[in-house]
Amino acid sequence: MSSISIKDLKLNFGAVEVLKDLTIDVAEGEFLVLLGPSGCGKSTLLNCIAGLLDVSDGQIFINDKNVTWEEPKDRGIGMVFQSYALYPQMTVEGNLSFGLKNAGLSKSDIAQRIKRASEILQIEPLLKRKPAALSGGQRQRVAIGRALVRDVDVFLFDEPLSNLDAKLRSELRVEIKRLHARLENTMIYVTHDQIEALTLADRIAVMKGGIIQQLADPRTIYNKPTNLFVAGFIGSPSMSFLDGSLSGGVFQAGDLSIPLAGYDGDASGTLSKVKLGLRPEHIAVSTNATPGSVPAIVDVEEPMGSDSLLWVSLGGQPVSVRIEPEVRHPRGSEVYLSLDIPKASVFDMETEQRL
Amino acid sequence: MVDIALSGPRGPKPRKRFSRRNIFIYGTLIVVALYYLLPLYVMIITSVKGMPEIRLGNVFAPPVEITFEPWVKAWSEACTGLNCEGLSRGFWNSVRILIPSVIVSIAIASVNGYALANWRFKGADVFFTILIFGAFVPYQVMLYPIVILLREVGLYGSLTGLIIVHTIFGMPILTLLFRNYFTSIPEELFKAARVDGAGFWGIYFRIMLPMSLPIFVVAMILQVTGIWNDFLFGVVYTKPEYYPMTVQLNNIVNSVQGVKEYNVNMAATILTGLVPLVVYFISGKLFVRGIAAGAVKG
């Protein structure tokens, strides 16, 4: 049984197509992350699911019920916003109980639900305070609590951590993951932060221009990006791309020729314009030539603490390589790269799709 | 707090109090202030002088003998035509016009502004444009058509008719004011309330209203001063027994019969201006806050 099912969803703002024929099925208890650059339509999609925007065409089902034209309150959803959106004139308790009072729950029910939510989120000492007297992290906890008390099957998060500083963000990220493990609700989470996406998601939907580019689990998205956009967007430090051509299973760029033996895909054809994508950790550096290695010239080194990023010039094109932080390579020296071809990606530049 | 137990002098270099710059600035300010205060001074001292003293002709001289007789006369005895009840009747007429006009116009305009800002219904932009256009139509153009309109519905010459006119004419500017203020309230708050199951009125009363005190004060001040100071509508749409205070003041001051009682006229004028003055003094701070919050953003 699928918890949320979106069929051929379209949304136009005037002549602008914001969402184009989106179809997604979200399983019960799944954590789906909508990831993309700003303006890709991810928040818009979330607002459509919540019922805060009227769709132009298509249908939305939540728990197998067609809710396309239902009011937000009748959809069985709870929502958490980027700016917290706490009602400033009410106490934390007032914020938590506002929706429940609207729904006509009894006083004892409300008290019980607030008690449970505030225990889970550890906000009991804050109940009598106004939002202005809370820190950013506390406010977001209360905002999550407001979704929690509604006792719904589906949680929608609209960039909930973007307004927090880096340390708090990673803390709350783990907490959201813990919350999901505990509650086992369906969660849809919008973010532009790929770390959040990769760490939290059961599946990630990478979006661009109102279209889902790829919908898959984080490992697949990372290792087998379906097209050039996804490959470039996911991964930090990002994937290096080499321009070249393909003939008979061999990638060629200038004097360089790299046989694509063991490539996970079909690279046997002949194409005049392709890109070979390599992630920094899928390249090994050594100072001696080994069988199958290719020579490169060291450019600069970027130490990042736990490891370093070495920029080298491979046949005149820049490539980044992840190396041990202790290893030092002087600028201008020659090194030999061993490429992990089974983990590489080759893209046809005509279609920008992965081969 | 910062610990200021550090040694040595701190902070910017102290300025001389009587620098040439300060003397110039404060000198100008004092001169301008005096220029504006002088008429008020003349009005107040004249209003507490007796007529013999006024006839001496020295308008700036302080009163030799202070009398409140002119104030009493202006309030309760001055004559306009056959009626000799003073300004008091006009005052109560103005109050009876003011209170419903202010309440009704603000109530409607705030809901208008809220709907325009948060519930983007079809044709909202057209509606808003028409409403704003209304703010630029000169009163004189509308004067006579409204007379006919009120006559046809049987409200011409009544207080209710005048109240309706004030409400309508306040609508464009007040709606603009409220719309801009509600637009400045984060949209996510409104979305959160919708997810929480609050409807049109629920969000208006429980979320928006409690956050909008400053803009309500601004609207109230605009309406109170505007309606209180109105002369044109008062004289056109009512009849003598319902004349507001401004019209009655005019009739007292401009009466051609008998001696010109300058002291009574001065007292009457100050009495009439008192209401807006009091409103400003009480709510000045909120007024500034509201203007800053609502009117600037578009």
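Into which domains is chain A divided?

1. Chain A is split into domain 1, covering 2-233, and domain 2, covering 240-354. Please keep in mind throughout that this is a predicted model. The C-alpha centres of domain 1 and domain 2 of chain A are 39 Å apart.

2. Next, the contact between these domains. On the domain 1 side of chain A, 10 residues touch 13 residues of domain 2 of chain A. Together the two domains bury about 1000 Å², and carbon and sulfur atoms account for 51% of that area. If you want to know where to look, start with A:Y222, A:K224 and A:L228: they supply 54% of the area that domain 1 of chain A buries against domain 2 of chain A, more than any other three residues.

3. How many salt bridges does the rule find across the interface of domain 1 and domain 2 of chain A? There is one. A:K224 and A:D264 meet through their side chains in a salt bridge, at 3.7 Å from N to O. So A:K224 is worth a look on two counts, because a salt bridge here is a side-chain nitrogen of Lys or Arg within 4 Å of a carboxyl oxygen of Asp or Glu, and A:K224 is also among the three residues that supply 54% of the area buried by domain 1 of chain A against domain 2 of chain A.

4. Polar contacts join the domains too: the rule finds four residue pairs across the interface of domain 1 and domain 2 of chain A, with both residues at pLDDT 80 or more. On the side of domain 1 of chain A that touches domain 2, the elements giving two or more residues are α7 (218-223) and α8 (228-233) of chain A. By class, that side of domain 1 has five nonpolar, four polar and one charged residues.

5. Now for some backbone details. Most residues other than glycine have a negative phi, and most peptide bonds are trans. The bond from A:S236 to A:P237, however, is cis, with omega near -5°. A:P237 sits in the loop between α8 and β11 (240-247) of chain A.

6. Is each side buried or exposed? A:Y84 is buried, at 9% relative accessible area, whereas A:E184 is exposed, at 61%.

7. Finally, the partner chain. Chain B brings 14 residues into contact with 26 residues of chain A. The area buried between chain B and chain A is about 1700 Å², 58% of it from carbon and sulfur atoms. Within chain B, B:E188, B:V195 and B:D196 lose the most area to chain A, together 39% of what that side buries.

8. Two salt bridges are found across the interface of chain B and chain A. One salt bridge joins the side chains of A:R150 and B:D196, at 3.8 Å from N to O. Nine residue pairs are in polar contact between chain B and chain A, both residues being at pLDDT 80 or more. The largest share of the side of chain B that touches chain A, seven residues, comes from α8(B). By class, that side of chain B has eight nonpolar, one polar and five charged residues.

Methods: Residues numbered from 1 in each chain as written. Chains lettered and ligands numbered in written order. Predicted model: local features only at pLDDT ≥ 70, side-chain atom pairs only at ≥ 80, totals over all residues. Heavy atoms only, no water. Domains from an automatic or database assignment. Contact = heavy atoms within 4.5 Å. Buried area = accessible area lost by both parts, 1.4 Å probe. Polar contact = N/O pair within 3.5 Å; in protein donor to acceptor, adjacent residues only side chain to side chain. Helix = DSSP H or I, 4+ residues; strand = E, 2+ residues; numbered from the N terminus. Nonpolar A, V, L, I, M, F, W, Y, C, P; charged D, E, K, R; others polar. Buried < 20%, exposed > 50% of the residue type's maximum accessible area, 1.4 Å probe, protein only.
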